[in-house]
Amino acid sequence: MFPSPPKRIQESPVDIELKETIGDIQEMYREDADKSRLVFKTSSQLEGRFRSDVKIRDHVLTIDEPTTIGGSDLGPSPVEVVLAALGSCQEITYRAYATALGIELDTVSVTIEGDIDFRGFFGVDDSVRPGYDDIRAVVKITSDAPADQLEKLREVVNAHCPVLDMLTNPVPVSLDLVITES
């Protein structure tokens with residue numbers, strides 16, 4: 001007896017286009033490694049107590065703290081944006097690698113929680129770190145692909161997700177201070 005044919009015999013036009021785009025980008029980077037080096041830039045300005053308007057390319061993102069810690073709650077907090085960055089980066093990386101590897105992936109979503117003890121941020125206890133001390137994520141996918149392929153996909157995604165890499169491996173950061181007179 002032959003196995004059942006896959007649910008989708010043909011790739012969708014979107015999958016074909018994405019696979020071609022990924023292949024073109026890979027080829028360009030193989031031919032000229034200098035083209036793979038990109039610089040991302042944001043700028044922000046504090047407005048009011050804790051609200052910050054962040055400019056990212058042609059986008060503006062309002063970041064604020066919840067009212068429970070003195071903010072106006074006009075947007076997500078910086079630490080929430082970090083969780084959102086990880087979740088969305090995981091989703092994008094799953095889509096890209098599933099497409100490149102020919103693995104059917106109907107949906108992907110991520111739920112993330114992180115624990116912070118704000119005694120560190122507010123200087124109440126110097127032994128408490130100001131950032132997350134634990135981050136937990138659940139990635140949910142819908143796919144008819146075999147479990148071994150999906151496990152391999154998970155390994156590949158976790159090895160190539162830029163935000164996961166930044167959160168799990170130290171990145172050199174320099175913060176210069178420029179003082180102007182008022």
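Q: What should I know about the model before I start?
A: It's a predicted model, so local features need pLDDT of at least 70 and side-chain atom pairs count only at pLDDT 80 or more, while totals for chains, interfaces and linings use all residues. Residues are numbered from 1 along each chain as its sequence is written, and side-chain values use heavy atoms, with hydrogens and water left out.

Q: How many helices and strands are there, and in what order do the elements run?
A: Helices (H or I, at least four residues) and strands (E, at least two) are DSSP runs, numbered from the N terminus. Here you get 4 helices and 5 strands, and from the N terminus the order is α-β-β-β-α-β-β-α-α.

Q: What does the radius of gyration say about this protein?
A: Taken over C-alpha atoms, the radius is set against a globule rule of 2.2 Å times the number of residues to the power 0.38. For 182 residues, a compact globule would come out near 16 Å, but this protein has 21 Å. Along its principal axes, the C-alpha trace spans about 75 × 35 × 30 Å.

Q: What share of the residues is buried?
A: Buried means under 20% relative accessible area, exposed over 50%, and partly exposed in between (1.4 Å probe, protein chains only). In this protein, 21% of the 182 residues count as buried.

Q: How do I check the length of helix α2?
A: The expected span of a helix is 1.5 Å times one less than its number of residues. Helix α2 (residues 78-101) has 24 residues and should span 34 Å; its end C-alpha atoms are 34 Å apart, so the two agree.

Q: Which residues of α2 are buried, and what covers them?
A: An α-helix has 3.6 residues a turn, so residues three or four places apart point the same way. In α2, the buried residues are L83, L86, G87, C89, Q90, T93, Y94, A98 and T99. Their cover includes α1 (13-31), β4 (107-115), β5 (134-142), α3 (147-160) and α4 (162-168).

Q: What lies at either side of α2?
A: S77 sits in the loop between β3 (59-63) and α2, and it counts as buried because its relative accessibility is 3%. Contact means heavy atoms within 4.5 Å; leaving aside residues up to four places away in sequence, S77 touches I63, D64, E65 and P66. Just after α2, G102 takes a positive phi of about 70 degrees. D106 is in the loop between α2 and β4, and at 30% relative accessibility it counts as partly exposed.

Q: Which residues other than glycine have a positive phi?
A: Two to look at are R57, with phi near 50 degrees, and D73, at about 55 degrees. R57 is in the loop between β2 (51-56) and β3 and counts as exposed because its relative accessibility is 69%. D73 is in the loop between β3 and α2.
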